[in-house]
Amino acid sequence: MTTLTADYVNPLVTTDQGFLNNPYPELARLRTEAPIWWCEQNKYWIVSSYADVQAVLKDVNFEKQIQTWKHAPSTILANFIPSIKFLRQTTSKWLLNLNKPDHTRIRGIVGKAFSTSTVEKLQPQIEELAAKFADQLDTAEQPFDLIEKFSLPFPLAVIGLILGIPLSDAEKLKSWSNQVVGLIGGQRDPKRLMAAGKAMREFSKYLEPHIEERRAHPKDDLLSVLVQARENNSSLSLEELISTSILLLIAGFETTANLIANTVVCFDKFPDQAAIFKKDFSKADAVIREVLRFESPAQSAPRLAKEDVVLSGHTIKKGDLVWVLMGSANRDALQFEEPDRFDITRDATRNLAFGDGIHRCVGAGLAELEATIAIKTLYERFPNLRVAGPADYRAPFGLRGPKTLPARVK
Ligand code: HEM
């Protein structure tokens, strides 16, 4: 049933720490009582059941370019604040935000770089990087923050390697990305939007000489592939080239970092499951799929209705904004038996953690490979790896992972 009153916590905007740490009871209530909920206060729909989330993601009548939504807070701000205008211009060219035919064109170029065979070739280098960051945990003062020492720098180094960005610039990239990544998670606060715009401008300026260098001397990296795609058939404008590189950097590491951290938290809460894994590391793939389902690093995604659409009996009007909740869908009992049980022996392949339809995550294979390598490396080297303090989860809810993760290996 649709409710028109704010009877439920809006997961996308709440900063309530109790909710953020365990949103699932409230999401279950939403799924049962109002799976397609019109949130009057924020003027958008929130869709939470597996069937409806998947239907929206697969339906071509639900599109991107959500900055054109009539209630978008940045629409008015962009008229007055140049940094927000710049932010809107750049993010509107993100693959993640494009509709056909631009989406098809750029996805074709980027998709090749993330194909299964290309990603598999990277395995030895990814293993080397994981080992390098794990080495540092041995000598780190105990307890340490696993996010700072391992789960963030490792995927950042991997995506830097793929794009061809020097490791020595990792700190700069991390800081820009921190300011911008909230946008993917649904950040709408004007001050943060301004900071994100400023970071995005610096990020763009930083990339320009790297692009120039690849034009003169192409290398064996993704930035060169993107530059050549532009050079050869002009199918990528310079703005698209820059915004695609930025998106890949951002989308490619914070989400994967959360997946690694969420796995360590799950194993700490469910030591019986950790014990099964530690006896058989070949289960790493299944572990990661179950963590993707149980604690989805990307919890939500937006769509705009291109036409009036009837979804499970509710009419979504043309121009309405819809947020789908993948993390809630992944806890739907109609799809997964005993969904609140963390069980690495179940088949969790149908999880929607990477989305579905034409925008399904282009880096899914890479993220899964990185995460399996990360947990094998960590638990092989440090079977006594344990969480050593409270792990509060971050706001906004859209990107799910702990703020810090105190841990010990000894
Ligand atoms: C655990 C890690 C990751 C998770 C949970 C995740 C999740 C997602 C989700 C849910 C979407 C679809 C959003 C939508 O439909 O609106 C998406 C799209 C995307 N992801 Fe990921 N992602 C992860 C890792 C990565 C990595 C490693 C990369 C690249 C290096 C990447 C690049 C992208 C890009 C470019 C898109 C846009 C695809 C398109 O619109 O066609 N992601 N991701």
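**Reading a predicted model, feature by feature**

Colleague: The crossing of H5 and H12 is left-handed. What describes two packed helices?

Modeller: Two things: the angle between the axes and the distance between them. Bear in mind that this model is predicted. Here H5 (residues 82-91) and H12 (residues 190-216) pack at about 65 degrees, and their axes are 8 Å apart. On the H5 side, the contact uses Ser 83, Ile 84, Phe 86, Leu 87 and Thr 90.

Colleague: At what angle do H11 and H12 cross?

Modeller: Roughly 145 degrees, with the axes coming within 8 Å. The crossing of H11 (residues 170-181) and H12 is left-handed. From H11, the residues are Lys 172, Trp 176, Gln 179 and Val 180. They meet H12 residues, among them Ala 195, Ala 199, Phe 203 and Tyr 206. Look at the spacing within a helix. A helix has 3.6 residues a turn, so residues three or four places apart point the same way. The contact of H11 with H12 has eight nonpolar residues, one polar and two charged.

Colleague: Which residues have the most contacts inside the largest nonpolar core?

Modeller: Start with the general idea. In soluble globular proteins, nonpolar side chains tend to be buried together. In this model the largest nonpolar core has 114 residues. Val 47, Val 53, Val 322 and Val 324 have the most contacts inside it. H14 gives the most to this core, with 15 residues. Take Val 324 as a case. Beyond its neighbours within four places in sequence, Val 324 contacts Val 47, Val 53, Val 56, Leu 57, Ser 300, Ala 301 and Arg 303.

Colleague: How many residues surround the ligand, and which are closest?

Modeller: The shell has 23 residues, and the closest are Gly 252, Ala 301, Gly 355, Cys 361 and Gly 363. Two elements give two or more residues to it: H14 (238-269) and H18 (364-381). H14 supplies the largest share, seven residues. The shell divides into 16 nonpolar, six polar and one charged.

Colleague: Is H10 largely enclosed or open?

Modeller: Count its buried residues, taking 20 or more other C-beta atoms within 10 Å as the cut-off. In H10 (residues 153-163), 10 of the 11 residues are buried, so the helix is largely enclosed by the rest of the structure. Among them are Phe 154, Leu 156, Val 158 and Ile 162. After H10 comes Gly 164, with a positive phi near 95 degrees.

Colleague: Which backbone values stand out from most residues?

Modeller: Most residues other than glycine have a negative phi, and most peptide bonds are trans. Ser 312 has a positive phi, near 40 degrees. Ser 312 sits in the loop between S6 (309-311) and S7 (314-316). Glu 338 has a positive phi too, about 40 degrees. Glu 338 belongs to the loop between H17 (326-329) and H18.

Colleague: Is Glu 338 buried or exposed?

Modeller: Exposed, because it has 9 C-beta neighbours inside 10 Å. Ser 312 counts as exposed with 12.

Colleague: Where are the cis peptide bonds to look at?

Modeller: One runs from Lys 100 to Pro 101, with omega near 0 degrees. Pro 101 is in the loop between H5 and H6 (102-113). Another joins Ala 395 and Pro 396, with omega about -5 degrees. Pro 396 lies in the loop between S9 (386-387) and S10 (406-408).

Terms used: Residues are numbered from 1 along each chain as its sequence is written. This is a predicted model: local features need pLDDT of at least 70, side-chain atom pairs count only at pLDDT 80 or more; totals for chains, interfaces and linings use all residues. A residue is near a molecule or strand if its C-beta atom, placed from the backbone, lies within 6 Å of it. Helices (H or I, at least four residues) and strands (E, at least two) are DSSP runs, numbered from the N terminus. Ala, Val, Leu, Ile, Met, Phe, Trp, Tyr, Cys and Pro count as nonpolar, Asp, Glu, Lys and Arg as charged, and the others, Gly among them, as polar. Axes are lines fitted to C-alpha atoms, for helices over the stretch in contact, and angles run from 0 to 180 degrees between N-to-C directions. A crossing is left-handed if the near helix is turned anticlockwise from the far one by less than a right angle, and right-handed if clockwise. Two residues are in contact if their C-beta atoms, placed from the backbone, lie within 7 Å. A nonpolar core is a set of buried Ala, Val, Leu, Ile, Met, Phe, Trp, Tyr and Cys residues joined through C-beta atoms within 7 Å.
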